Amino acid sequence: MKHRTYLLQALLAIALVGLPLAAGAATAKRPNFLFIIVDDQSHYDFKFYNPRSTLKAPTIDRLAREGMIFDGAYIMGAFVSGVCTPSRYMIKSGRTLWHLPNAPEGETRCPPSLEQNTIAAVFNRAGYKTMRTGKPGNSYEAAKQMFTVRRDSKGRSGTEPEGTAWHVQQVLDYLNERATAGDRDPFLIYFGLSHPHDPRNGTPEFLAKYGAVNHTDPDTLPPSHPKQPPLPVNYLPAHPFPTTLLPDQRDETNVSGVWTNRDERTVRNELGREFACVENIDTQIGRVLDRLKAMGELDNTYIFYTADNGIAIGRHGLMGKQNLYEHSWRVPFLVKGPGIKPGSRAHGNIYLLDVLATLCDLAVIPAPETNEGVSFKPVLEGRKNAIRDVLYGVHCGGTKPGIRCVRKGDWKLIEYDGNNGTARATQLFNLKDNPDELLAEHHDPKVVALTGVKPAQHQVNLAGDPRYAGKLKEMQALLLSEMRRHHDPWRLWNQPDDGLTPPPDTPPYGQDKHKKKK
């Protein structure tokens, strides 16, 4: 079956390129793809998602104006505290979380040699030239080896030429090499950037714009500055209850410039550092787009912009991404390209794992049989607003079972279960009425004085409100259904155990058991 799929892809590639020439017609030019993925970014950074944001990102803002903004793009989650690892596996393979080769039951849930059906391998067989740059670790090594050109670095220095500018130069060099060689084959570039992941060491020019410093002294607080971004609407000085993380995973407490601090000065400075990194990314992306335009390739290139996961940076008293609030579960997502209506917007209800199916659909390439994602091409074409009704989320990188969530329409349920049963909580939100998932703690006058935002009375966790008991029961049943459907190996304290024997709490998993041995 696998060989038949490879043959069909090869025959289709030949047909797309060769048949028009044999008929004497002009060859239909196949589209290029530039897939930009940054490391740890909340959608709240951008004005087109968050009007309060002070970030200056003219290049990305232009992509949003000239393409489509997705208001519902998510990661399915993670079974390790390094959320980016399973996220990038899902992007490259189109597999759901519990069916990845490095998942707890990956040896039985995932077919072998999956790397042969990941993005680069599929596009290589279809006649595309594939190139990647990005960070070398916390990703899918076997899939990265499939790219015909690979140039990786994890540098996050605030001084050039390391960091963002280095990654951009690799893309520019590749495009220049193509132009020099007269290469006319279509290309797919996986354009990964190591920022704004911590340490958020911004360049002096951009740090100054946001009144931030690369703070390095854990015994002092960073200076305050009027140019620093304001506190987020859902800022808290501490999360109101344990979030199931292990003692040595306490919400990014080893991050330089942050440590265990969650005070106003630390959070505002860290947001300033975040914005400095993002504006640098924005400027550097502009160089790539200018080069594509000069080469005459820009109008025939689909440009994707997203992040591997979101990030908290002070929201709900958290600093990391090991949670399932919208700021960390949801990601920014933009697409610009041929046939996409400028200035359009859709909810989408997409996972990042849907990217492979969509790239194949846009390129008229059969998606591999191992793919479990859904193409959102109908959304890009304006024929649908969303591709699914229900979204399921996981974080169990700490104590087990961890955190689970489910969203349907405006309603979202989050359940916590960990720390040997001492970290159990239920949250129910109506995101139309409470989009920032505000809690009772956000109504504290001291918090209101810091954020300048006074929540409405109904903007709280509704799980304990008897008026919503029916909705809570409905959402809990839906969550269990999604956990069963996706082969979640754990069950929460308030669910039937289904006779499961869960994997060990100390994971021997996290690495691809199917990857090729060197």
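A residue is called buried under 20% relative accessible area, exposed over 50% and partly exposed in between. The legends below describe close-up views of a predicted model.

**View 1. Tryptophan 166 in helix H7.** Tryptophan 166 belongs to helix H7, which covers residues 164-181. Its relative accessibility is 26%, so tryptophan 166 counts as partly exposed. Between the C-alpha atoms of tryptophan 166 and glycine 134 there are 9.8 Å in space, while the two residues stand 32 residues apart in sequence.

**View 2. The protein chain as context for the close-ups.** The protein chain holds 14 helices and 15 strands. It has 518 residues, of which 61% count as buried. Among contacts in the protein chain with a separation of 6 or more, 70% come from residues 24 or more positions apart.

**View 3. The aromatic pair of phenylalanine 48 and tyrosine 49.** The whole structure contains 21 aromatic pairs. One of them joins phenylalanine 48 to tyrosine 49, with 5.0 Å centre to centre and 55° between the planes, and is tilted. Phenylalanine 48 and tyrosine 49 are both buried.

**View 4. The aromatic pair of phenylalanine 79 and tryptophan 98.** This pair is also listed as tilted, at 6.1 Å centre to centre with 35° between the planes. Phenylalanine 79 sits in the loop between strand S4 (77-78) and helix H3 (84-93), and tryptophan 98 sits in the loop between H3 and helix H4 (106-109), so the pair ties together parts 19 residues apart in sequence. Phenylalanine 79 has a relative accessible area of 1% and is therefore buried. Tryptophan 98, with a relative accessible area of 3%, is buried.

**View 5. A cluster of rings and an arginine over one ring face.** Phe35, Phe70, Phe147, Tyr190, Phe304, Phe333 and Phe376 are linked into a cluster by ring pairs. Phenylalanine 147 has arginine 132 over its face, at 6.0 Å from the ring centre.

View 6. Aspartate 417 is located in strand S14, residues 411-418. Its relative accessible area is 4%, so aspartate 417 is buried. A polar atom of the aspartate 417 side chain lies 2.7 Å from the backbone nitrogen of tryptophan 493. With neighbours within four places in sequence left aside, the residues in contact with aspartate 417 include Thr244, Thr399, Lys400, Arg424, Arg491 and Trp493.

**View 7. Helix H14 and the strands that cover it.** Helix H14 runs over residues 469-485, and its 17 residues at 1.5 Å a residue should span 24 Å; the end C-alpha atoms are 24 Å apart, which agrees. The buried residues of H14 are Leu472, Met475, Leu478, Leu479, Leu480, Glu482 and Met483. The cover over these buried residues includes strand S12 (390-395), strand S13 (402-408), S14 and strand S15 (423-430).

**View 8. Cysteine 360 and cysteine 405.** Cysteine 360 counts as buried because its relative accessibility is 1%. Cysteine 405 has 0% relative accessibility and therefore counts as buried. With a disulfide taken as a pair of cysteine sulfur atoms within 2.5 Å, the count is zero disulfides.

Terms used
Residues are numbered from 1 along each chain as its sequence is written. This is a predicted model: local features need pLDDT of at least 70, side-chain atom pairs count only at pLDDT 80 or more; totals for chains, interfaces and linings use all residues. Side-chain values use heavy atoms; hydrogens and water are left out. Buried means under 20% relative accessible area, exposed over 50%, partly exposed in between (1.4 Å probe, protein chains only). Rings of Phe, Tyr and Trp (its six-membered ring) pair if their centres lie within 6.5 Å; planes under 30 degrees apart count as stacked, over 60 as edge-to-face and the rest as tilted. Helices (H or I, at least four residues) and strands (E, at least two) are DSSP runs, numbered from the N terminus. A charge sits over a ring if NZ of Lys or CZ of Arg is within 6 Å of the ring centre and within 35 degrees of the ring normal. A polar contact is a pair of N or O atoms within 3.5 Å; within protein, one must be able to donate a hydrogen and the other to accept it, and residues adjacent in sequence count only if both atoms are side-chain atoms. Contact means heavy atoms within 4.5 Å. The expected span of a helix is 1.5 Å times one less than its number of residues.
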